[in-house]
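Trainee: I have a new structure to read, and I would like to learn how to go about it. Could you take me through it step by step?

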Amino acid sequence: MSAQTLYDKLWASHVVREEADGTCLLYIDRHLVHEVTSPQAFEGLKLANRPLWRKDSVVSTADHNTPTDHWDQGIQDPISRLQVETLDANIAEFGARAYFPFKDPGQGIVHVMGPEQGATLPGMTVVCGDSHTSTHGAFGALAHGIGTSEVEHVMATQCLVAKKSKNMRVAVTGKLGDGVTAKDVALAVIGVIGTAGGTGYAIEFAGEAIAGLSVEGRMTLCNMAIEAGARSGLVAVDDKTIAYVQDRPLSPKGEAWDKAVAYWRTLVSDEGAHFDHEVVLDGAAIVPQLTWGTSPEMVVGIDGKVPDPAKEADPVKRAGMLRALEYMGLTAGTPMQEIGVDVVFIGSCTNSRIEDLREAAAVARGRKKAATVKRVLVVPGSGLVKRQAEAEGLDKVFTEAGFEWREPGCSMCLAMNADRLASGERCASTSNRNFEGRQGQGGRTHLVSPAMAAAAAVTGRFADVRTLA
Amino acid sequence: MKAFTTLDALVCPLDRANVDTDAIIPKQFLKSIKRSGFGPNLFDEWRYLDHGEPGMDNAARPQNPDFVLNFPRYRGAEILLARENFGCGSSREHAPWALDDYGFRAVIAPSFADIFFSNSYKNGLLPIVLPAEVVDRLFAECEAKEGYRLTVDLPAQQVVTPDGTAFGFEITEHRKRCLLGGLDEIGLTLLHAADIRAFEEKRRADQPWLFA
């Protein structure tokens, strides 16, 4: 057999059948379910009187709507509450391998919960009605975000109707500099290939800088693959992957573990495998990144300035830049480090794991929130992350700096719960989308790493974290 | 699923690139547990001058007269003309539900985000990719002529302009068959239940840890 990419291997090992036009039935091993994109799917099953094909493939939690404070008061918004209670009822009726409801110690953002429970394993196909399912590709798993009709389809048939994507490799060479994180790599990649650059592709991240990232860093990177347009991001399996997965509640044990590891070791792209598109970035040249506009591709280094639309030749792009500057309340040519922030958000499926919190705490330690910053929210990705952070005393570091230490959830990443920006507020956010209105109508989002977010919180403006030693 | 064969309809031009699904249907409306009723909140933040929340009387809200959907000449449009990377961002199927509920049956753009693209088919909303220069031409014609209509002929895989110029578009045989017949995709897949079970049993034997 000719040399295969990791994606080729994962795809081929899950094809149940293929039609003449290339449309495949792809077998799904793990279905992660949350409250927002599942109610209509469960309703569809009920209306058609169809059972769940394989309930032990389902692992579920409530995350998008759940509040991040005053848990003793429950969910105040009645519409949000109904949606979360609907998930409770649906899981009770249909069953699941594991369920972490609101307030459960294991509850958390679905893309944080899955890996930490061992629900995500190398070689799996993983789907979830959430675009950031690409996160799980960090384990050498083929992970897709899907819509609600597809959620229902997977529930009813254990398969997805899909066509194979093309292969792209993004190689990041060299070593990352101090203060440069997986988030900066993700933003730098999107800056190069654009938000549609990965459309139609599965992106494998490779190279020395990627091998050097921790598994949590790889999750951050694969999480943002969708912001580059790719439904799936991938990183090959190595010792770090296997060490991360070992001894998780749902990971294999004993003899099964040894057999699994032997298979997982094969989950790498073969030497000489063909990629339809290859991009190479010099990791050593990447500086801390931040977005200036309303699309993740509108990104510059912390040493940069707000770009000038007059210098853009493409009229559609120029119009988009002008509109973004107006929405963001920025003037072309302004140095990024002169821009002040009102709010800081540290959290989301991109950056709410323990290493992210350690990274932010390292900057916050011994410092105080700037007086001009109205609030700083630190929202751990799960109950387990929260307790680990508290065991390490990180919560104290944050509260002593004047940051708010919250309960886990999606929170201000998409502002479905009460955590949101007011119109005109400018936010340094560790989340993944800076779209108009994403964090609240009229809110202005700048995407950054956890260290850069903490630096903005303590200086009151965007600062180069490398100078805050 | 609703069947789609041919459509002759008014066109509404939305001249922005990278229209994301948060813009198509903002997050506060995702709290619904239904799949209908999203039309009045399609493009909510652009369409209205106030902040929208579920349960509001949308007819009584102040409309943004500068937003293209509110122009009287585009009332009743069933084809949305858009720019590249339409539907990027969140996987929320509420986006095609909202477009469909508003009355759109097709979206024409130079490119679409992958998840939105597949979600659309599942709801009988036809996403059509045409080359950027063709889309440029359609924008110019649509803005120049009030009442501009296009014909979408799915069996022939063509978009036809009022002067009879036809532009071909691609669609997989599987999707075309599902749309033309308004077929239930789950029902179609379940015709292969024996294949799925056989695959599953082999997988269970080879990788038992996936079934623990």
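This is a predicted model: local features need pLDDT of at least 70, side-chain atom pairs count only at pLDDT 80 or more; totals for chains, interfaces and linings use all residues.

Trainee: At what angle do helix α6 and helix α8 of chain A pack?

Mentor: Helix α6 (residues 182–193) of chain A packs against helix α8 (residues 215–223) of chain A at an angle of about 25°, and their axes lie 8 Å apart. Angles under 35 degrees count as roughly parallel, so α6(A) is described as roughly parallel to α8(A). The crossing in which α6(A) passes α8(A) is right-handed.

Trainee: Which residues of α6(A) and α8(A) meet?

Mentor: From α6(A) come A:Ala182, A:Lys183, A:Val185 and A:Ala186, which meet A:Gly217, A:Thr220 and A:Leu221 of α8(A).

Trainee: Turning to the two chains, how many residues of chain B are in contact with chain A, and how much area do the chains bury between them?

Mentor: On the side of chain B there are 63 residues in contact with 76 residues of chain A. Together the two chains bury about 5600 Å², with 55% of that area on carbon and sulfur atoms. Within chain B, the residues that lose the most area to chain A are B:Lys31, B:Ile33 and B:Trp209, which together account for 15% of what that side buries.

Trainee: How many salt bridges are found across the interface of chain B and chain A?

Mentor: The rule finds 9 salt bridges across that interface.

Conventions. Residues are numbered from 1 along each chain as its sequence is written. Chains are lettered from A and ligands numbered from 1 in the order in which they are written. Side-chain values use heavy atoms; hydrogens and water are left out. Axes are lines fitted to C-alpha atoms, for helices over the stretch in contact, and angles run from 0 to 180 degrees between N-to-C directions. Helices (H or I, at least four residues) and strands (E, at least two) are DSSP runs, numbered from the N terminus. Angles under 35 degrees count as roughly parallel, over 145 as roughly antiparallel, 65 to 115 as roughly perpendicular and the rest as oblique. A crossing is left-handed if the near helix is turned anticlockwise from the far one by less than a right angle, and right-handed if clockwise. Contact means heavy atoms within 4.5 Å. Buried area is the accessible area (1.4 Å probe) that two parts lose on being put together, summed over both. A salt bridge is a side-chain nitrogen of Lys or Arg within 4 Å of a carboxyl oxygen of Asp or Glu.
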